[in-house]
Amino acid sequence: MSNKLPENKNPHVYRMARFLPFDPSHDQIYEEYQVAKDSLNLDTVAYHYVLDAAKSGAHVIVLTGDAGHGKTHLCRRVIESLLDYNEEEARKLIIEASDGRQIIKAKDGTSGAGALRIFKDFSEFAPELAASLVEESNSADAVTIICANEGRLRAVLSSSSAGPYCKELLKSFEASFEDGKASRDGRIHVVNLNHQSTAAGSEGQSLGDRAIRDWTSGVRWRSCNDCSSREACPIIRNREMLSERAGEQVATSRKEKLRLLFATLERVGYVITIRDMLMAFAYLLTGGLKCLDVHRMQRRRKKGWQQAYAFYNLAFEAPETLSREQLKRLPLMQQLSKLDPGRRAIREIDERIVNQQEIFAHGQLDLQFPAPSTSSENLIDAADGIDEIIGDPRNKKQRADEAENVTRVVRALRRRAYIDGIGGDTLDMVHLGLPHGMDFLAIVNDQMDVPKRTLLKKRVIAGLHHIQGLQFSEQTPTLHLVDPAFGRSMSGTAILATRINPANVDLIRLSEKWGASDAVAHHVKASVDWIDRHVVLRIMDQQSAEHDLLLDLMTFDCILRAAAGHVPTKFYEHDIRRVASFLGRIAQSVHANSDQINLIRDGRSQTISIDGSTIQVGTA
């Protein structure tokens with residue numbers, strides 16, 4: 001009787017595979033085609049907000065945002081909770097009775113405040129027809145839920161068939177961007193899921209944290225315990241690194257770094273939907289592999305190939321088993337690669353991971369690399385740095401192989417150093433290529449005291465000067481604005497429109513611009529899982545008028561790079577143009593004194609005054 005362990009197939013691994021666009025059963029990720037065993041019901045803030053609004057007498061609830069945010073999923077969950085259907089029944093109603101023409105009553109047959117009318121997808125109708133249906137839905141016989149992306153919603157509500165009801169909805173939708181309110185009167189609610197963040201929440205409560213916890217814990221992994229490939233399986237290794245089995249503190253720290261990655265992407269302007277998030281985590285845990293793939297690859301070579309499937313490598317670099325076309329189906333992965341810590345050298349980190357010993361434990365599966373030799377069983381343990389790689393190359397090919405191996409190992413070590421928090425939190429944003437990111441986080445997290453804010457404003461003002469082409473012989477805390485009629489200063493002289501005192505320049509969170517969430521009824525922060533993605537640059541002119549410019553993390557970083565004296569103009573071309581245009585509008589709104597001209601010449605501020613026929617030049 002053989003004691004050899006079997007080559008198992010874990011159903012949970014195949015379940016995660018159905019969330020990836022490489023699998024024929026990928027349609028399971030779409031709400032209409034899911035089965036109960038595959039669905040992941042995350043209790044989002046949006047779900048509770050919509051449910052509470054429906055229960056409290058809302059007339060219409062508009063769910064808007066990109067495809068994949070879970071608009072259809074929210075409708076199905078509300079049908080379950082509000083009308084007392086089970087999951088399969090609610091999903092059937094979504095498919096058969098959600099074109100806005102039918103009223104979905106409670107399961108016991110009663111109607112009234114508990115009834116729903118759902119427009120599941122405006123893209124199924126021509127804008128004119130959809131607008132007519134919306135006008136016809138203006139009644140009190142049911143709560144209306146409208147699902148549409150922003151572009152389609154605007155097209156419908158402003159179409160030729162749009163009546164007063166559509167115009168009222170459009171006005172509420174557009175006002176939500178200005179005042180940050182999901183509702184103005186409790187009757188019409190606009191839930192903008194593009195504001196929803198997969199990284200919002202602390203202490204493991206973000207949507208991403210909960211999804212990882214659901215997929216890495218529980219009895220789903222029990223069938224792997226007696227699998228013959230267990231010790232060589234990168235999927236099991238990823239699960240162990242991200243689950244409480246790795247130690248609660250270590251796993252929490254690693255998930256915090258993943259959460260920071262996702263939050264950083266959102267703050268540079270990329271909208272991550274829940275569908276994106278689920279596909280990304282399925283990919284990070286499995287690398288697109290299934291159990292049979294692992295068995296086959298393990299028979300070919302026991303160790304050395306698994307490091308390419310470590311989740312922190314998959315986040316930034318695709319393994320050889322995936323083609324470029326396959327990776328294009330995961331747009332989030334293409335965005336994450338721009339933040340690759342493996343491509344950024346930080347001396348104090350590199351010296352530790354390359355030259356010092358005992359930073360990482362020996363023998364870890366994700367740190368085993370194939371040696372540059374003819375023997376397929378020779379391995380390099382990256383925990384020892386790169387000493388074993390560097391040999392005595394004798395020809396061009398050997399030198400190229402050695403360089404390639406060193407690059408692969410060092411990049412993997414840098415990524416592992418980031419995900420394990422080696423170097424501390426202060427270097428996190430530097431790891432991701434955003435050296436001024438910590439200042440941005442300090443503002444949006446309300447962790448910057450007055451002295452630090454004052455110093456930061458001084459640097460921001462210096463950056464605004466550089467963007468306008470102004471050069472000063474010494475740093476000045478006053479913001480000088482170039483007269484827009486003279487364009488950007490390219491010489492040693494610039495005509496000024498006005499000067500702004502530093503007290504009239506401020507940096508605040510976007511949610512602060514809209515008011516405190518506990519003081520504003522139906523604040524947008526109460527309608528979705530929220531993180532502040534923008535810092536607001538607020539400038540008050542001499543007429544006490546406020547001018548606000550929303551700065552995402554990329555634009556904020558651009559301004560502070562400019563403060564240091566240089567900014568890559570090609571890379572930041574869009575951001576520079578937007579900031580310069582904003583400053584030009586403020587300068588244009590100022591009524592200048594016609595008897596005096598302010599200018600900057602050779603780095604110094606001067607004034608030219610006209611007194612009759614006499615021109616006087618003085619120092620400002």
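**Cavities and a sheet**

Modeller: A search of the whole structure, which is a predicted model, finds 4 cavities of 30 Å³ or more.

Colleague: How much space lies in the largest cavity?

Modeller: The largest cavity holds about 130 Å³. Its lining is made up of 16 residues, and the closest to the centre are Cys-224, Cys-227, Cys-233, Ile-236 and Cys-291.

Colleague: Which helices each supply at least two residues of that lining?

Modeller: Helices α9 (234-242) and α12 (291-300) each do. The largest share is from α12, with 3 residues.

Colleague: And how many of the lining residues are nonpolar, polar or charged?

Modeller: For the largest cavity, 9 are nonpolar, 5 are polar and 2 are charged.

Colleague: OK, next one. What is the volume of the second largest cavity?

Modeller: About 60 Å³.

Colleague: Which residues line the second largest cavity?

Modeller: Thr-198, Ala-199, Ser-206, Gly-208, Asp-209, Ile-212, Lys-255, Leu-258, Arg-259, Phe-262 and Phe-281. By class, that lining has 5 nonpolar, 3 polar and 3 charged residues.

Colleague: Where does the largest share of that lining come from?

Modeller: From α10, which gives 4 residues. Both α8 (207-216) and α10 (248-267) supply at least two.

Colleague: Switching to the sheet. What is the strand order, and is the pairing parallel or antiparallel?

Modeller: The sheet is open, with 3 strands in the order β9-β10-β11, and the pairing is antiparallel. At the edges are β9 (505-509) and β11 (546-551), each of which pairs on one side only. From one strand to the next, the twist averages 25°.

Colleague: Remind me, through what do strands of a sheet pair?

Modeller: Through backbone hydrogen bonds, in either a parallel or an antiparallel way.

Colleague: How many bridges join β9 to β10 here?

Modeller: There are 5 bridges between β9 and β10 (residues 535-540), and the two strands run antiparallel. As one example, Ile-508 has Val-536 in β10 as its bridge partner.

Colleague: Which helices pack on the sheet, then?

Modeller: One is α19 (residues 437-444), which touches β9, β10 and β11. The direction of α19 makes about 75° with that of β9. Another is α20 (residues 450-467), which touches β9 and β10.

Colleague: And what angle does the direction of α20 make with that of β9?

Modeller: About 110°.

Conventions: Residues numbered from 1 in each chain as written. Predicted model: local features only at pLDDT ≥ 70, side-chain atom pairs only at ≥ 80, totals over all residues. Heavy atoms only, no water. 1 Å grid on protein atoms, 1.4 Å probe; cavity = no way out; pocket = protein on both sides within 12 Å on 5 of 7 lines; lining within 4 Å. Points joined across faces, edges and corners; volume = space filled by probe spheres on them. Nonpolar A, V, L, I, M, F, W, Y, C, P; charged D, E, K, R; others polar. Pairing = 2+ DSSP bridges. Axes fitted to C-alpha atoms, helices over the stretch in contact; angles between N-to-C directions. Contact = heavy atoms within 4.5 Å.
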